[in-house]
Amino acid sequence: MRQRGLFVAGVTQVGFQMLIVVRLMRLLRDLRVPGAAQVVSRLIRHNYGAEIHWNSDIAPGVCVVHGNGLVISHSSRVGPNCLLFQNVTLGESVHPSNRTVGSPTLTSDVHVMPGAVLLGPIVIGSGTKIGANAVVDSDVAPGSVVRSPMSEIAVRRVSESR
């Protein structure tokens, strides 16, 4: 029964398909097949509209929801049971305080909502929730919630001639 469920997920769920291809990419890299991991990385880009580097570290149990627009840089680390939605960026940058260059590390059970951007060699603590469209460039303590700024809502004036 479980095998049938994995097969169905592999056929119907884009995020699961992407993770299968990521595992293939990492296997080819570890087997030192020249250029193969880079080619598979390009297939992910063209088939899914996502950019996942072959040297990124993605633990078992990660769930990708939708996956379009997902960007994971070469030195990013995604821990077990993390949840990544569409248009999430885990990008390389300079840490604002210690000036080191690197990419985010998500510990276990981190949820990153659509459009969030995480930059630099930061650590996101276990159980943290990163809200939609949040921009994070510093470490986040375990169990935190990071919210993006509220959008401004303005009353629209409708002319009376309508």
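In strand E13, the bridge partner of Thr 105 is Val 123. That pairing belongs to a predicted model, and two bridges in the parallel sense hold strand E10 (residues 105–106) and E13 together. The protein chain around them has three helices and 16 strands.

**The four-stranded sheet**

- E10 and E13 are part of an open sheet of four strands, in the order E2-E5-E10-E13, with parallel pairing.
- At the edges sit strand E2 (57–58) and E13, and each of these pairs on one side only.
- In general, the strands of a sheet pair through backbone hydrogen bonds, and the pairing can be parallel or antiparallel.

**The five-stranded sheet**

- There is also an open sheet of five strands, ordered E1-E4-E7-E12-E15, and its pairing is parallel.
- Its edge strands are strand E1 (51–52) and strand E15 (135–136), each pairing on one side only.
- Inside that order, strand E4 (residues 71–72) and strand E7 (residues 89–91) run parallel and are joined by two bridges.
- Which residue in E7 is the bridge partner of Val 71? It's Thr 89.

- Ile 124 has its place in strand E13, which covers residues 123–124.
- Is Ile 124 buried or exposed? Its relative accessibility is 0%, so Ile 124 counts as buried.
- Setting aside neighbours within four places in sequence, Ile 124 is in contact with Thr 105, Leu 106, Thr 107, Val 110, Leu 118, Ile 130, Val 136, Ser 138 and Val 140.
- Val 135 is 11 residues from Ile 124 along the chain, and the C-alpha atoms of the two are separated by 13 Å.

**The nonpolar core**

- The largest nonpolar core has 35 residues, and Ile 124 is among those with the most contacts inside it, along with Ile 52, Leu 70, Leu 106, Val 112, Leu 118 and Ile 130.
- Helix H2 (14–30) and helix H3 (36–48) are the elements that give two or more residues to this core.

**The cavity**

- How many cavities of 30 Å³ or more are there? The count comes to one.
- The largest cavity holds about 40 Å³ of space.
- Its lining is made up of Met 18, Leu 19, Val 22, Ile 52, Ile 58, Val 62, Val 64, Leu 70, Ile 72 and Leu 84.
- Sorted by class, the lining of the largest cavity comes out as 10 nonpolar residues, with no polar and no charged ones.
- H2 gives the most to this lining, with three residues.

- For the largest pocket, the volume is about 220 Å³.
- It is lined by 15 residues, and the closest to its centre are Gly 15, Phe 16, Leu 19, Val 62 and Cys 63.
- The elements giving two or more residues to the pocket lining are H2 and strand E3 (63–64).
- H2 gives the most here too, with six residues in the lining of the largest pocket.
- The class breakdown for the pocket lining is 10 nonpolar, four polar and one charged.
- Leu 19 and Val 62 turn up in the lining of the largest cavity, and they are also among the residues closest to the centre of the largest pocket.

**Two residues with positive phi**

- Arg 99 isn't a glycine, yet it has a positive phi of about 65°.
- You'll find Arg 99 in the loop between strand E8 (93–94) and strand E9 (101–102).
- Arg 99 counts as exposed because its relative accessibility is 59%.
- Asp 109 isn't a glycine either, and its phi is positive at about 60°.
- Look for Asp 109 in the loop between E10 and strand E11 (111–112).
- With a relative accessible area of 35%, Asp 109 is partly exposed.

**The chain as a whole**

- The C-alpha trace of the protein chain spans about 65 × 45 × 30 Å along its principal axes.
- Of the 162 residues in the protein chain, 36% are buried.
- Among the chain's contacts with a separation of 6 or more, 29% are between residues 24 or more positions apart.

Technical notes
Residues numbered from 1 in each chain as written. Predicted model: local features only at pLDDT ≥ 70, side-chain atom pairs only at ≥ 80, totals over all residues. Heavy atoms only, no water. Pairing = 2+ DSSP bridges. Buried < 20%, exposed > 50% of the residue type's maximum accessible area, 1.4 Å probe, protein only. Contact = heavy atoms within 4.5 Å. Core = buried A, V, L, I, M, F, W, Y, C linked by side-chain atoms within 4.5 Å. 1 Å grid on protein atoms, 1.4 Å probe; cavity = no way out; pocket = protein on both sides within 12 Å on 5 of 7 lines; lining within 4 Å. Points joined across faces, edges and corners; volume = space filled by probe spheres on them. Nonpolar A, V, L, I, M, F, W, Y, C, P; charged D, E, K, R; others polar.
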